[in-house]
Amino acid sequence: MAKVYITTPLTEEQVRGVKAGDEVYITGAIYTARDAAHKRMIEDLEAGRSLPFDTQGAVIYYVGPTPPKPGQVIGSAGPTTSYRMDKFTPEMLRQGVKGVIGKGYRSDEVKAGFVEHGAVYLVSTGGAGALLARTIEQAEVVAYEDLGAEAVRRLTVKEFPTVCIHDASGGDQYYTGQSQWVKPDAMVKPKKPEAGE
Amino acid sequence: MRDVHVDQIAETIARLVQDANFKLEQDVTDAISRAKSLEEAPVGQAILLQITENYTIADTERVPMCQDTGVALVFLEIGQDVHLVGGSLTEAVNRGVATGYKEGYLRMSMLNDPINRVNTKDNTPAMIYTDIVPGDQVKVKVDCKGGGSENMSQLKMLPPSAGWEGAKRFIVETVANAGPNACPPLIVGVGIGGNFDKSALLAKKSLLRHVGAPHPDPEWAAREQELIEEINKLGVGPMGLGGTVTALAVHVEFFGCHITALPVAVNIECHSHRHKEAVL
């Protein structure tokens, strides 16, 4: 398991340098979006409007932070469960997004999308919102302010810690990691990826 | 009869929802410490370390340990010799939740309607569970329950012929399907028997048990042990990255049921099990 440091926006070369299982530390601007913001962005695209940020090489973080206390940049800010964005992710990848951060399993269509578009799926530790917030240096709402916690924010992060689950060549770290520890007589075995290495 | 003013209940709830989000109870931190001694995967150990660092920061700085500060579950055990005065109990509970979430800078996650989906901006309505019990006190239990783990919960009406083996398979499969989505290591709450809704309520209430305390009936305690062993064979591990601790505890509650029925409900709770209680 290598440690990889990447800076946004991501280039193809940076994406290719990240492999499933790597610890990946992100520095630069990343954009927050959850269910409601994704729905709005897709509606914007369908209506011919531009998206609220430059999606080329962008990294999206699935998070709805708590409100900041006085003096805080942001409240607690850990990942939300990613599968709820599966419906929207293929279009975001077509728009040039190169990395998404969340937690949990993705659909086969989304996994194929990471390979097709050369993008990566990164996860951070769910429930570690207070710890992860320490790597966030700036936060500002850039769109859909009425959505409150679900608004799109630009976060400036320094070495935000993640683990790569799906890389651009079809690697699947949930499968690899769980396969290493599943007992031979377990009632359910880790789900084998459909495609990939 | 003893009078208890509903404002006192509101004030207590306002305090408990904040304390729950800032500081884990010792039963949970002890369970995480046990997980650290049992987890064999280095990556699992690294995740457990992050979880520990996180709850230490939350406690020290009085900030929420998770950005999903949850649905407020409010369990009221009301003594039958108590007279509640000062207005509506339901309104008082919701007032307490609204005040606590605002004062604590907690996230407002509740919507007015599941299809129209407009945020109520005060984290109400709370989920209120009342039980009438002997005595003249009111016990208030609060659990701030995150959405990620709740979404991985399942209920199945099994045929009686499925028996314990069928129930066990359904419970283990539910945890396997939840995988990383529910933020393991988990507390798995199981309700068996009763009817459709009773089994779900039993599963929910089982989560309030002291984490890892066995069922008082030795036969059911043995079934709990069997379940946690099967679940920890799955290899899911902390945050699903692979490891030997997928569940911190499995709690099962049972109730009598109809001759045709074997309802099984599995209510999943994440590692950040935020619960508090007070007696008035």
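Biologist: Where does B:Pro185 lie?
Modeller: B:Pro185 sits in the loop of chain B between α6 (163-178) and β7 (186-194). This is a predicted model, by the way.

Biologist: And what kind of peptide bond joins B:Pro184 and B:Pro185?
Modeller: A cis one, with omega at about 10°. Most peptide bonds are trans.

Biologist: What about the bond from A:Thr8 to A:Pro9, cis or trans?
Modeller: That bond is cis too, and omega is near -10°. A:Pro9 belongs to the loop between β1 (3-7) and α1 (12-16) of chain A.

Biologist: Switching to phi: what is the value for B:Arg62?
Modeller: It is near 50°, which is positive in a residue that isn't glycine. Most residues other than glycine have a negative phi. You'll find B:Arg62 in the loop between α3 (42-61) and β2 (71-79) of chain B.

Biologist: Is B:Arg62 exposed or partly exposed?
Modeller: Partly exposed, because B:Arg62 has 15 C-beta neighbours inside 10 Å and that number falls between the limits of 12 for exposed and 20 for buried.

Biologist: OK, and what is the phi of B:Tyr105?
Modeller: About 55°, again positive although B:Tyr105 is not a glycine. B:Tyr105 is in the loop between α4 (89-103) and β4 (127-133) of chain B.

Biologist: Why does B:Tyr105 count as buried?
Modeller: Because B:Tyr105 has 20 other C-beta atoms within 10 Å, and 20 or more is what it takes to be buried.

Biologist: How confident is the prediction for chain B?
Modeller: Chain B has an average pLDDT of 97, and 100% of its residues score at least 70. For the model, ipTM is 0.94 and pTM is 0.95.

Biologist: Now the interface. How many residues are in contact between chain A and chain B?
Modeller: On the chain A side 40 residues, in contact with 45 residues of chain B. Two elements of chain A, α5 (129-133) and α6 (173-181), each give two or more residues to that side. The largest share, seven residues, comes from α6(A).

Biologist: What sort of residues are on that side of chain A?
Modeller: There are 18 nonpolar, 18 polar and four charged ones.

Biologist: Last topic: how many helices and strands does chain A have?
Modeller: Six helices and seven strands. With a radius of gyration of 16 Å, close to the 16 Å from the globule rule for 197 residues, chain A is as compact as a globular protein of that length. Buried residues make up 49% of chain A's 197 residues.

How values were computed:
Residues are numbered from 1 along each chain as its sequence is written. Chains are lettered from A and ligands numbered from 1 in the order in which they are written. This is a predicted model: local features need pLDDT of at least 70, side-chain atom pairs count only at pLDDT 80 or more; totals for chains, interfaces and linings use all residues. Two residues are in contact if their C-beta atoms, placed from the backbone, lie within 7 Å. Helices (H or I, at least four residues) and strands (E, at least two) are DSSP runs, numbered from the N terminus. Ala, Val, Leu, Ile, Met, Phe, Trp, Tyr, Cys and Pro count as nonpolar, Asp, Glu, Lys and Arg as charged, and the others, Gly among them, as polar. The radius of gyration is taken over C-alpha atoms; the globule rule is 2.2 Å times the number of residues to the power 0.38. pLDDT is the predictor's confidence in each residue, from 0 to 100.
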